[in-house]
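Q: I have a structure open and want to go through it with you. Can we start with the strands and then move on to how the chains meet?

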Amino acid sequence: MAEEEIYARITEVSEKEKEVLFAKQNIVGVGTGHKIKESKDTGEPCITVFVSQKLDRALLRSEDIVPEEIAGFKTDVVEAGEIFAGPANSDTERISTKEELGIEVLRQRIRPAMGGFSVGHYRITAGTIATCVYDLRPFPGIPRRYYILSNNHVLANSNNARIGDPILQPGPYDGGRVPTDVIARLSRFVPIKFKTSTSAPLNYVDAAVAEGEFHNLSREIYWIGYVKQVKSNPRVGDIVEKTGRTTNFTTGKIIALNATVDVHYGGGRVARFARQIVTTAMSAGGDSGSLVCDIKEGAVGLLFAGSSTVTIINNILYVQALLGIRLHP
Amino acid sequence: MELSIQEAISKVKDKWMEIEGVEGVGEGKENDKDCILVLVRCKTAEIEKAIPTTFEGFPVKVIESGVIQAQKEKKKR
């Protein structure tokens, strides 16, 4: 089978097995990835199962154990922590039609909102909309909800938020105000586990979704267009692109994969992230949440951190699996 | 037996991440060959001493990344 066929087949299988898997204790997400053995990426496509906590087999009830293989595909169990979720408040806010002046287009108010533009939880400064997405299931079928995708630290104020909090487009720093500029309500986020003096828990994504009204959300990304596929196997050397609220359209080159990185969140808080993609510098403060794509509009990851010389990106497969969302089709 | 790049990295990653000034460790490439990429805040004599130039046969490339920060807009209004 061609590689793409294998991934499609795995997606099909994990789709089918999801009910069974989610019935097990501890399971918080299912996705497609590569089998990692003793921190080694074997390159073998597998079903990645995210659990809140990795436990010794002896401590699990037999029905809670994830089988080593499902329908002929290996499984990989990854510890991801609890994922906060809750019903979103779907208050419809009045939409203002006031014209914004300014030269920085991505910091302006726009309806429908689209990828690349400013967004933020009402208590933060501003970040970027990756794109708009929908529930992983039912598929195929009628999605119940539509969301804006961005980072936890953009939509959920680095864990300091409540489900249903207003999300503003543009973000507060760019003039967004409650209630006129409310585009969505915080729906789900993957909590960031910060380092303590004694432990360095591993994070995989800094991601969240906020539910909005379908007619207010476009999944086009300014200057990039529409996501054409989800790229499962980025390589070192690949050229990638993003559109973000601060540095606009930029390109970069992947310089490392499966990276472990310490990220500073301000106020002395540091979080360790594993399995990250590192690129040459292609972002600055305010670009957090941008969707990074290859040059054929294949989604590679969610931009969330960087320095003057590098940019750090969460693998999009983990983002989809942990939030239970779909970017494409 | 020779280690793969992933095995080599997993062997030292935790130790190197504990070194003051090391911000990240990952799989990189140098002249199309696998290498261990180490991101450091800035290159210092201590880091030069602590990080070898090769590990388990893989070249170790140290690059200055500065501090890596979450990238929301930093300024407050």
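Q: How many residues sit between β18(A) and β19(A) in their hairpin?
A: There are 5 residues between the two strands. This is a predicted model, and in it G266(A), in the turn, has a positive phi of about 85°.

Q: Which way do those two strands run, and over how many bridges?
A: β18(A) and β19(A), the latter covering residues 270-280, run antiparallel and are joined by 7 bridges. One bridge pairs D262(A) with R272(A) in β19(A).

Q: And what about β17(A) and β18(A), how do they pair?
A: Strand β17(A) (residues 239-244) and strand β18(A) (residues 248-264) are antiparallel, with 6 bridges. A hairpin of 3 residues links β17(A) to β18(A). V240(A) has G252(A) as its bridge partner in β18(A).

Q: Which strand of chain B does β18(A) bridge to?
A: β18(A) is joined to β1(B) by 3 bridges, and the two run antiparallel.

Q: Where does β5(B) pair with chain A?
A: On strand β21(A), residues 298-306, through 2 bridges in the antiparallel sense. Q69(B) in β5(B) is the bridge partner of G306(A).

Q: Back up a bit. What is chain B made of?
A: Chain B has 2 helices and 5 strands. Read from the N terminus, the order is α-β-β-α-β-β-β. The C-alpha trace of chain B spans about 60 × 25 × 25 Å along its principal axes.

Q: Now the interface. How many residues are in contact on each side?
A: On chain B 32 residues are in contact, and on chain A 39.

Q: How much area is buried between the chains?
A: About 2,900 Å², with carbon and sulfur atoms giving 52% of that area.

Q: Which three residues of chain B supply more of its buried area than any other three?
A: Q71(B), K72(B) and E73(B), which supply 26% of the area that chain B buries against chain A.

Q: How many salt bridges cross the interface?
A: The rule finds 2 between chain B and chain A. One salt bridge is between the side chains of R245(A) and E73(B), at 2.7 Å from N to O.

Q: And how many residue pairs are in polar contact?
A: Between chain B and chain A, 22 residue pairs, with both residues at pLDDT 80 or more.

Q: Which elements of chain B supply at least two residues of the side that touches chain A?
A: α1 (5-17), β1 (22-30), β2 (33-40), β4 (58-64) and β5 (69-70) of chain B each do. The largest share comes from β1(B), with 7 residues.

Q: What is that side of chain B like by class?
A: It has 14 charged, 10 polar and 8 nonpolar residues.

Q: Where do F117(A) and Y222(A) lie, and what does the pair tie together?
A: F117(A) is in the loop between β6 (113-115) and β7 (118-121) of chain A, while Y222(A) is in the loop between β15 (217-221) and β16 (229-230) of chain A, so the pair ties together parts that are 105 residues apart in sequence.

Methods
Residues are numbered from 1 along each chain as its sequence is written. Chains are lettered from A and ligands numbered from 1 in the order in which they are written. This is a predicted model: local features need pLDDT of at least 70, side-chain atom pairs count only at pLDDT 80 or more; totals for chains, interfaces and linings use all residues. Side-chain values use heavy atoms; hydrogens and water are left out. Contact means heavy atoms within 4.5 Å. Buried area is the accessible area (1.4 Å probe) that two parts lose on being put together, summed over both. A salt bridge is a side-chain nitrogen of Lys or Arg within 4 Å of a carboxyl oxygen of Asp or Glu. A polar contact is a pair of N or O atoms within 3.5 Å; within protein, one must be able to donate a hydrogen and the other to accept it, and residues adjacent in sequence count only if both atoms are side-chain atoms. Helices (H or I, at least four residues) and strands (E, at least two) are DSSP runs, numbered from the N terminus. Ala, Val, Leu, Ile, Met, Phe, Trp, Tyr, Cys and Pro count as nonpolar, Asp, Glu, Lys and Arg as charged, and the others, Gly among them, as polar. Two strands pair if DSSP finds at least two bridges between them.
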